[in-house]
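The questions below concern the structure shown here. Each answer works towards the value or name asked for.

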Amino acid sequence: LNAIQFITGTVLGCFIGWVYLRTRSVGNCILIHMAANFSGFALRFFIDVDLQAEAPADPQAGIFDMYGGGLNRFLAVHATLIAIFVVCVLFLRSEFNKTSYSPASEFQT
């Protein structure tokens, strides 16, 4: 019953549904879900968080301190997540080019 997870889950679910309508491939939807879960795991893994309290170890810590105290680690984590996003977008673009999608064809019997 976390409002943020509800919103992001709804947006991601709508996006995955749209991708399925365009590609008719459950595999693509599974890959998107895996990428979303991995990005959440990576952020959780690399950010210095007390897992029991669900809060940063030091409430006064800055954003770089949360990533282990350095700009390099912050940039590495975000660069990796951006790279994963770009690869996913390029993959979806190639999948969309393989299939032809017509919304009208959904309603024809």
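**Questions on a predicted chain**

Q: What is the accessible surface of the chain, and what share belongs to carbon and sulfur atoms?
A: The model is predicted. The accessible surface of the chain comes to about 8200 Å². The share of that surface belonging to carbon and sulfur atoms is 67%.

Q: Which pattern do the helices and strands follow along the sequence?
A: The chain has four helices and two strands. Read along the sequence, they follow the pattern α-α-β-β-α-α.

Q: What percentage of the residues of the chain count as buried?
A: A residue is buried when its relative accessible area is under 20%. The chain has 109 residues, and the part that counts as buried is 15%.

Q: Among contacts between residues at least 6 apart in sequence, what percentage join residues at least 24 apart?
A: The contacts in question are those in the chain between residues at least 6 apart in sequence. Of these, the part that joins residues at least 24 apart is 50%.

Q: Which element of the chain has the lowest mean pLDDT?
A: The chain averages a pLDDT of 74, and 66% of the residues score at least 70. Among the elements, H1 has the highest mean, 88. Where pLDDT is low, the predicted coordinates should not be read in detail. The lowest mean, 50, belongs to strand S1 (residues 49-50).

Q: Is the aromatic pair of Phe15 and Trp18 stacked, edge-to-face or tilted?
A: A search of the whole structure finds one aromatic pair. The ring centres of Phe15 and Trp18 are 6.0 Å apart and their planes stand at 35°. Stacked would require planes under 30 degrees apart and edge-to-face over 60.

Q: What is the phi of Arg24?
A: Arg24 lies in the loop between helix H1 (3-23) and helix H2 (26-46). Its relative accessible area is 45%, so Arg24 is partly exposed. Although Arg24 is not a glycine, its phi is positive, at about 55°.

Q: What distance separates the C-alpha atoms of Phe85 and Ala35?
A: Phe85 is found in helix H4 (residues 71-98). Its relative accessible area of 57% is over 50%, so Phe85 is exposed. Phe85 and Ala35 are 50 residues apart along the chain, and their C-alpha atoms are separated by 8.2 Å.

Q: How many disulfides does the structure hold?
A: Cys14 is exposed, with a relative accessible area of 54%. Cys88 counts as partly exposed at 28% relative accessibility. A disulfide is a covalent bond between the sulfur atoms of two cysteines. The number of disulfides in the structure is zero.

Definitions and conventions
Residues numbered from 1 in each chain as written. Predicted model: local features only at pLDDT ≥ 70, side-chain atom pairs only at ≥ 80, totals over all residues. Heavy atoms only, no water. Buried < 20%, exposed > 50% of the residue type's maximum accessible area, 1.4 Å probe, protein only. Contact = heavy atoms within 4.5 Å. Areas by Shrake-Rupley, 256 points an atom, 1.4 Å probe, with all protein chains shown as cover. pLDDT = per-residue confidence, 0-100. Phe/Tyr/Trp six-rings, centres within 6.5 Å; stacked < 30°, edge-to-face > 60°. Disulfide = S-S within 2.5 Å.
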